[in-house]
Amino acid sequence: MSTPVIVGAVRTAIGRSFKGTLVNTPPETLITTVLPEAIRRSGVDPSAIDDIIFAESHYGGGDLARYAADATGLQHVPGQSVNRHCAGSLTAIGNAAAQIGSGMERVLVAGGVQSLSMTPLVSWRIPGPELKFEERWMPPTHVETPDAPTRDMSITVGWNTAQAAGITREEMDAWAARSHQRAIAAMDAGKFVDEIIPLKVEQPDGTVVDFSVDEHPRRDTTAEKLAGLKVLHPEIEGFSITAGNSSGTNDAAAATVLVERGYAEAEGLSVLAKVRAWASAGVAPRDTGLGAVKVIGKVLDRAGLTPGDVALWEINEAFASVPIAACREYDLDEEKVNFSGSGCSLGHPIAASGARMITTLVYELQRRGGGIGVAAMCAGGGQGGAVVIEV
């Protein structure tokens, strides 16, 4: 196989949905910001791009990847949108790597975009003789059962994972607090500056602000404060999931540029990382959070690696229970996991999170002199996705 490598990676800062800086910024603006910037940073000739693959979720049709190609002067490039919910942009990167590995294409842009602030609400008709419609937050990802509701991931993912792995409220709150502390420390150290492209954003009052700092992390978060939050389902005995040990609802976009290694050498492009392996996995919907656990074993096997070979991990905090379960399963050093925060602190812009994780891994591994990085996450409906890179 030809070897896929990453030569560009960039993201926007992450906004807080519905009440943050990006509340009125449509996904079209986010994607048409990161796409040209990723290309510029990579140094690739835009005329050489074979395809653009972007993940999106909850938009109900359309093709934002093709929209972005057209809007940024790349009409000669087709655009493909993929949807694997939370793991969508990891799938986009894996698909791009596969195209390169097959020898069919040499230059692709892959990433993801999400604006939960601007996501349309879908209505469906309630079965029966009358034309009554109910508003839904999203179409179903799986067949609903009492222990796996389709519209309440606090049960389907957070709570079920905590029960399966025997994780306590105290452990989840401690993990979430540390996530905020790590994110704030990374921001204070300027670690995200290189990976973020600033946005000029018009606010509802007409003023324009420069948006370049993730706005979801809370500087004053502690485990003690999180312990005071109410659980989301007090009617369920022992329920331990709160807004504090869950991920946020967020807006952002992220993009990577992948090329064939020989092409990078011939064109004098700087290689940021090699893509070693990619994988997806399926589990029962009630075990969705364990999809991240299952896919880690699968992707490491494909890469010919053991957990001990990995320098850094990004295991998305859809809920704090998910990375805790993965750490237990593979006996991971928690100091190497979510080193600069994750979903509980930075936030979880669903379709963009995987590409954000890869971007953060690339820059952090470079600072540390290289090594193996793994990004893994669960995804709606009982799925998992993962990508292995080497800097």
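Visitor: What is the accessible surface of the chain, and how much of it belongs to carbon and sulfur atoms?

Guide: The accessible surface, found by the Shrake-Rupley method with a 1.4 Å probe, comes to about 15300 Å² for the chain, and 51% of it belongs to carbon and sulfur atoms. This is a predicted model, in which local features need pLDDT of at least 70 and side-chain atom pairs count only at pLDDT 80 or more, while totals for chains, interfaces and linings use all residues. Residues are numbered from 1 along each chain as its sequence is written, and side-chain values use heavy atoms, with hydrogens and water left out.

Visitor: What makes the chain agree with a compact globule?

Guide: The radius of gyration, taken over C-alpha atoms, is set against a rule of 2.2 Å times the number of residues to the power 0.38; for 391 residues a compact globule would come near 21 Å, and the chain has 20 Å, which agrees. Along the principal axes, the C-alpha atoms fill a box of roughly 60 × 55 × 40 Å.

Visitor: Why is Ser154 called buried?

Guide: Buried means under 20% relative accessible area (exposed is over 50%, partly exposed in between, with a 1.4 Å probe and protein chains only), and Ser154 has 5%, so this residue is buried. In the chain as a whole, buried residues make up 57% of the 391 residues.

Visitor: What makes the pair Ser154 and Asp152 a polar contact?

Guide: A polar contact is a pair of N or O atoms within 3.5 Å, one able to donate a hydrogen and the other to accept it, and the side chains of Ser154 and Asp152 are joined at 2.5 Å. Ser154 itself is found in helix 4, residues 153–165.

Visitor: Which residues does Ser154 touch, not counting those up to four places away in sequence?

Guide: With contact meaning heavy atoms within 4.5 Å, Ser154 touches Trp159, Leu232, His233, Phe239, Ile241 and Phe319.

Visitor: Which residues of helix 2 are buried, and where do they pack?

Guide: Helix 2 spans residues 64–71, and Leu64, Ala65, Ala68 and Ala69 are buried there. They cover an arc of only 145° around the axis, which puts them on the same side of helix 2. These buried residues pack against helix 1 (27–42), strand 3 (51–55), strand 4 (79–82) and strand 5 (107–115).

Visitor: What makes Asp63 a cap of helix 2?

Guide: A side-chain oxygen of Asp63 lies 3.2 Å from the backbone nitrogen of Ala65, and in this way Asp63 caps the N-terminal end of helix 2. Just after helix 2, Gly73 takes a positive phi of about 80°.

How values were computed. Helix = DSSP H or I, 4+ residues; strand = E, 2+ residues; numbered from the N terminus. Arc of directions from axis to C-beta.
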